[in-house]
Structures are given as structure tokens and as C-alpha cells.
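I opened this chain to look up a few contacts and surfaces. My notes follow the order in which I checked them.

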Amino acid sequence: MYKKLTALFQDYFGVSKKEARGALALILICVVLIWTPFVFRRFILPLMPPSTEPLTAQKLDSIVAGIETENALKRENDRGFSTRNLESKSKKPVRLFRFDPNTASVEQLTELGIPAFLAKRIDKFRSKGGKFRKKEDLLNIYYFPSDLYQKLEGYLVLPANENAQANTKFGESARRPNATGALPKYRTPTITAFDINTADTTQLVRLKGIGTKLSLRILKFRDGLGGFHSQNQFSEIFGLDSLALAELHKYASISVPVTKININVATAEELGRHSYLKNKKLVSIIINYRNQHGNYRNSDDLKKVKAIDEELIRKLEPYLSFD
């Protein structure tokens with residue numbers, strides 16, 4: 001019976017023998033935990049004789065007095081805890097001053113009254129290439145309080161648009177008098193469309209909202225995929241704001257086809273390098289199912305692996321071959 005159940009689990013879920021045994025043991029434990037309260041109330045509790053000691057008014061009064069005393073102590077502890085919190089906060093007085101969230105240090109942010117965990121989160125966001133382009137972008141930080149934002153809004157100072165500054169500098173240098181003393185006509189630098197699957201960082205950093213770090217992140221994601229097959233995939237890249245996405249949709253075209261993986265011969269290491277298959281457990285299940293049931297004939301065979309949802313199969317389909 002046990003061996004049949006183990007074999008059934010292996011065949012249905014595409015897992016190893018060891019994993020099937022663990023699943024059966026877990027199911028057994030759950031059944032025991034679910035039925036224990038019922039068995040206790042139905043068969044064990046009736047065997048325990050109830051207390052024969054009568055409840056007197058004096059005993060009831062003592063129980064009530066004990067509960068009231070416990071509640072009073074709890075309220076006192078809560079008040080003491082709140083007082084200690086206020087005292088600890090008062091040791092670091094809030095000082096409001098004008099600041100740029102793109103350059104302010106963690107210490108300066110906490111001095112403004114921003115909690116330490118939020119100040120570190122802002123610093124992490126900036127280290128990954130994120131920028132605050134307008135004041136409201138501060139609210140995009142997870143759990144940033146709206147009342148704190150309203151308090152700090154008047155002190156937020158953001159530099160002028162970087163691209164406008166770059167254009168101004170370019171214009172100043174371009175409009176210097178030439179040998180004849182005449183000012184040359186200013187020309188705005190143009191950006192031509194390019195294939196995102198063959199682009200390098202020099203082409204990406206020309207786009208608004210994309211710096212060196214973001215361009216490297218885009219290329220890393222692209223190489224992990226084996227190339228983009230749709231512009232809709234740009235939104236899957238962490239850290240791209242609406243400006244950067246709009247620039248990519250405008251200038252990044254897709255002409256070169258993607259690199260496909262033969263799922264019937266690929267190793268676990270080769271599958272794990274793909275951007276959509278970073279879950280090692282999932283890769284192991286795909287390999288085990290292939291070893292037990294033979295080669296995959298098409299994407300419908302992947303749907304038989306219960307651990308893979310249809311959304312992931314839809315994403316993977318353009319990158320898989322079944323030869």
C-alpha cells in the first residue's frame with residue numbers, strides 16, 4: 001500500500017522517491033493534527049470527571065479581582081512602554097532642512113524624522129540606479145507615510161532635469177563663436193532606433209532615464225533570456241521607471257530572433273541560467289519529469305508538470321525547442 005502511494009505521487013507530481021515519501025509523511029501528520037481535537041472531545045474528555053467543588057460568591061469575586069489586577073498591570077506596562085518610546089525618540093530631535101533625496105545620506109534622512117529602515121530603503125533604491133525625478137516619487141518607497149511626506153514636501157529640493165542640463169551644456173559649447181565670429185546654429189543631438197538584442201551600453205545610456213547601472217541590468221536580463229521577443233518584457237526589468245520604459249518602447253526595436261533552449265537535452269545548469277528559471281527546485285522537477293516520462297513533445301506536455309503554472313509556460317514558450 002505504501003509503495004503504491006509513493007509510486008502514485010512520483011508519477012502524478014513528477015518528484016523523486018525521497019520527496020514522495022516526505023509528502024506522505026507530512027499528509028499523515030496533518031491528518032493526526034486535524035483529528036486529535038475531535039478524538040479528545042469525543043472519547044477522552046468524557047472520561048475525565050468534572051470538578052465537584054461548588055463555585056461560591058467569594059470564589060467568583062476573587063477571580064474577578066485577579067482579572068482586574070492583571071489588566072491594570074498590563075495597562076501600566078503599556079503606558080510605561082509608550083513613555084520609554086517617546087523618551088528614546090526625544091533623544092534624537094527632528095531637524096528640518098532643505099535636502100535632495102538623491103544625494104542625502106542615511107544620517108541626514110533620519111535627522112529629518114524619516115525612520116531608519118526607510119532611510120536605508122531609500123539608499124538601497126539609489127544604489128540600484130533609482131532616481132527621484134519629482135517630489136511625489138518619494139511616495140513610491142514602500143511604506144513611506146503620506147503625513148511625513150506632506151511634512152517634508154516643502155523642504156524637498158530636486159535638481160533640474162539632467163537631460164535639460166546636458167542639452168544646455170551642449171548648446172553652450174556648440175554656440176561658441178567660430179572663426180568668423182558668427183554663432184553656429186544649435187542642433188539637438190538625435191537618437192536613432194536600434195535593435196535591443198544587439199545593443200550595448202553606449203546605445204542604452206543615451207536614452208532618458210537610463211544610466212550605466214540600469215543599462216548593465218538591461219543587458220544582463222536580456223542575456224539571461226537569450227534575447228527579447230516582445231517589448232512588453234521591458235517592464236519585467238527591475239528599476240525602470242515610466243520615463244525609461246517610454247524611451248525603450250520608442251527607440252528599442254526587436255529584429256534579431258531569440259536563442260532557444262532544447263528542453264529535451266538541456267542540463268539543469270543550462271536551464272537554471274535562464275532568467276525565467278532561477279528556481280532550482282522547479283528546474284529539478286522539469287528534469288525529473290523528463291527522465292521519468294520521456295521527452296517533451298510540445299508546450300502542452302509542460303502543463304502536465306503540476307509545479308509549472310500556465311503564466312510561466314506562456315513566458316517560456318518562445319525560448320523552448322522540442323527537437
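I take a polar contact as a pair of N or O atoms within 3.5 Å; within protein, one must be able to donate a hydrogen and the other to accept it, and residues adjacent in sequence count only if both atoms are side-chain atoms. I am working on a predicted model, in which local features need pLDDT of at least 70, side-chain atom pairs count only at pLDDT 80 or more, and totals for chains, interfaces and linings use all residues. Residues are numbered from 1 along each chain as its sequence is written, and side-chain values use heavy atoms, with hydrogens and water left out.

**Entry 1: helix α12**

I take helices (H or I, at least four residues) as DSSP runs, numbered from the N terminus. At the start of α12, I found a side-chain oxygen of N279 within 3.0 Å of the backbone nitrogen of K281. After the helix comes G294, with a positive phi near 95°.

I checked the length next. The expected span is 1.5 Å times one less than the number of residues. For the 14 residues of α12 this gives 20 Å, and the end C-alpha atoms are 20 Å apart, so the two agree.

Which residues of α12 are buried? I call a residue buried under 20% relative accessible area, exposed over 50%, and partly exposed in between (1.4 Å probe, protein chains only). The buried ones are L282, V283, I285, I286, I287, Y289 and R290. Their cover includes α1 (2–13), α11 (268–272), α13 (299–302) and α14 (310–316), with contact meaning heavy atoms within 4.5 Å.

**Entry 2: salt bridges**

I count a salt bridge when a side-chain nitrogen of Lys or Arg is within 4 Å of a carboxyl oxygen of Asp or Glu. By this rule I get 11 salt bridges.

One of them joins the side chains of E19 and K281, at 2.7 Å from N to O. This pair links distant parts of the chain, E19 being in helix α2 and K281 in helix α12 (residues 280–293), 262 residues apart. Both ends are partly exposed: E19 has a relative accessible area of 27%, and K281 has 48%.

I also looked at R126 and D123, whose closest N and O atoms are 3.1 Å apart in a salt bridge. Both lie in helix α5 (residues 116–127), 3 residues apart, about one turn of the helix. R126 is buried at 15%, whereas D123 is partly exposed at 35%.

D301 and K304 form another salt bridge, with 3.4 Å between the closest N and O atoms. D301 is buried at 8%, and K304 is partly exposed at 42%. I note that R297, D301 and K304 are linked in a network of salt bridges.

**Entry 3: S127**

S127 is in helix α5 and is partly exposed at 41%. A polar atom of its side chain lies 2.7 Å from the backbone oxygen of K124. I also compared S127 with K213: they are 86 residues apart in sequence and 8.9 Å apart in space, C-alpha to C-alpha.

**Entry 4: nonpolar patch**

I build patches from residues with over 30% relative accessible area and no salt bridge, joining like charges within 9 Å and nonpolar side chains (Val, Leu, Ile, Met, Phe, Trp, Tyr) within 5 Å. Areas are from the Shrake-Rupley method with a 1.4 Å probe; for residues, only the protein chains shown count as cover.

I find a nonpolar surface patch of about 1,000 Å², with I27, V31, I34, W35 and F38 among its residues. I34 is in helix α2 (residues 17–44) and is exposed, at a relative accessible area of 61%.

Conventions. Helix = DSSP H or I, 4+ residues; strand = E, 2+ residues; numbered from the N terminus.
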